[in-house]
Amino acid sequence: MDYRPRPEDVRFLLNAVLDAPARLQALAPFAEVDEALQSQVLDEAARFVGDVVAPINREGDEIGCRFDKGEVVSPPGFCVAYQAFVDGGWPALSAATEDGGQGLPSVLEAVLYEWLSAANHGLTMAPGLLHGAYACLKHHGSNELKARYLQKIATGEWLGTMCLTESHAGSDLGQVRTRAVPQGDGSFRVSGSKIFISGGEHDLTPNIVHLVLCRLPDAPAGPKGLSLVLVPKLLPDGARNAVHCERIEEKMGLHGSPTCSMRFDDAAGWLVGEAGRGLAAMFVMMNSARLHVALQGIGLLDAAWQKADAYAAERRQMRAPGAVPASRGAEPADLIAEHPAIRRILDTQRAWIDGARTLAYRSALMLDVAAHDADPKARERAQRWCSLVTPVLKAACTHQAFHGASECLQVFGGHGYVREWGIEQVVRDARVTMIYEGTNEIQAIDLLVRKVLPDGGTAMSAVLLELRDTLDASREADADVQRRLAQLRYLGTTIAMSAHANPMLPYEVADDYLRVVMLTMMAWAWARIEATGSTDDAGRARAAAAFRRWVLPEFEMRLGIVKRACEGIALSHAAAAAEGVAR
């Protein structure tokens, strides 16, 4: 079965849980973007994704991209679908109207890309960096570069890439060797090689705009010496630039997306932002990309769940424990959806989907608040949320995408392991999301070591207190979440104190800490969902119960792991001190 978006599920979370229409209309640029308009956009997006993008997913995986003498040929139907995507104005959904965009809220773009990823992850990789490239150029590009490239990128007429990784460096960008030599006319000549470049070469658009992280001749070593240079495939006069695709990778999944090894041979380019400030310029792009990767994870998990749920509602196997005999009729076996083991798998994934969506959509709303709210304190709070929650969502949602999709494959039994049903493709495609845009381990370290500990947990504590204040302690579920929020706040203090005795500790417990944060925030999300009274819906009621029974208990386990690690440091420190006194 092909993926079908369910706009009614999204509308419920945006309207009933997050009060998105009112929050957005309070922002000047979106004063006229009422609930009816938002609903219309969602309905049209769902139709486009379901009718145009999803049907070519399987063929895109089976045929894949073809590489021939530096050129890449996309799978059948991809060029037509991408052009329809451009013609429909979908790439420019949240871009400013003066740049050819529609000027709509970021949260609508977030939903669109979640659905696109669920329907056809390979094709969605092509425009996946447009939003980040647009923001990077808009904030840091010169007026000349904006005039030449900004509208083309905003509308999707030209696609873009993010060229960071080199074979010897991996995630250690301080080791980047690609060089950019300034020319007398203000341009640069870029030389070097980059690997793992999604969409580095393709036939979807005539031009490709590469944003290349590189080093000027007099630049110091390390990350502070990096600059960002825009290197187009086609030069302004239409001539081909010295940009070459040497090969595309043979990958575990994402066969519909070309992952390229690129070579720049004195290619012409132009500086974006200031020299030596390349990472700062690219950070706009990376932060946006990380939220979209989290949404990829949610979308892929939803795709897997849809397939498994539909299969379980048709497939009959054995007698289900506790099933009512009178309801079986003449059937020799019960639907596997009635078996408790299968019900647990399905309801657990649904719990993750709804909880993670609530947090991701709230983050997308915060992007607009940070950009447009008239109150500087509100902008500051929104930016703090995005900074702290983005790495959590990227890591946790992509982790669940892969492991949850694998659980959904289990619903099919042996049929899931063969290609006929398409669930194995979701598992393969989902795996890379745990790696790119910063591995999940790097996200956890970024959260704890770089964002929580430097200020003693003050910023994280502020975020948690804001969540606490949205809850009603007279409700049992809300009171439980408030208790967990307090435990999480104290945990940050405990880690900070223990880190003084063992600076390696935060790196060791970062993954567990991130899971505690995600589970706490998921508990908050489900408390907000249940507060709407929406659990009258049978599917949502089962998901709520599954969250409390099968997901939330991990909180105590992860909390205990971190606390025991901290206690071990304290005991070792005390023992060493006692030994010193004895001597």
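Which residues in α13 are buried?

What we have here is a predicted model, where local features need pLDDT of at least 70 and side-chain atom pairs count only at pLDDT 80 or more, while totals for chains, interfaces and linings use all residues. Residues are numbered from 1 along each chain as its sequence is written, and side-chain values use heavy atoms, with hydrogens and water left out.

Back to the helix. In α13, the buried residues are Ile423, Glu424, Gln425, Val426, Val427, Arg428, Asp429 and Ala430. Buried means under 20% relative accessible area, exposed means over 50%, and partly exposed is in between, using a 1.4 Å probe and protein chains only. So α13 is mostly covered, with eight of its nine residues buried. Helices here are DSSP runs of H or I with at least four residues, strands are runs of E with at least two, and both are numbered from the N terminus.

Glutamate 437 counts as buried, at 19% relative accessibility. Aspartate 19 also has a positive phi, near 50°, and its place is the loop between α1 (7–17) and α2 (20–25). Aspartate 19 is partly exposed, with a relative accessible area of 41%.

Now to α14 and its partner. Helix α12 (residues 376–411) packs with α14 at an angle of about 155°, and their axes are 9 Å apart. Axes are lines fitted to C-alpha atoms, for helices over the stretch in contact, and angles run from 0 to 180 degrees between N-to-C directions. That makes α12 roughly antiparallel to α14; the label is for angles over 145 degrees, while under 35 is roughly parallel, 65 to 115 roughly perpendicular, and the rest oblique. Residues making the contact include Leu388 and Pro391 of α12, and Gln443 and Leu447 of α14. Contact means heavy atoms within 4.5 Å.

What about the inside? Of the 169 residues in the largest nonpolar core, Val411, Tyr513 and Met518 touch the most other members. A nonpolar core is a set of buried Ala, Val, Leu, Ile, Met, Phe, Trp, Tyr and Cys residues joined through side-chain atoms within 4.5 Å. Another core, of 20 residues, lies apart from it, and Val212 and Leu216 are among its members. As for valine 411, leaving aside neighbours within four places in sequence, its contacts include Ala308, Tyr311 and Ile336.

Cysteine 214 is buried, at 0% relative accessibility. The sulfur of cysteine 397 is 14 Å from the closest one, in cysteine 386, which is too far for a bond. Cysteine 397 is buried too, at 4%.

One last stop: glutamate 246, in strand β8 (residues 243–248). Glutamate 246 is partly exposed, at 39% relative accessible area. Not counting residues up to four places away in sequence, glutamate 246 touches Phe67, Ser261 and Arg263. Glutamate 246 and aspartate 68 are 178 residues apart in sequence, yet 9.8 Å apart in space, C-alpha to C-alpha.

Definitions and conventions
A disulfide is a pair of cysteine sulfur atoms within 2.5 Å.
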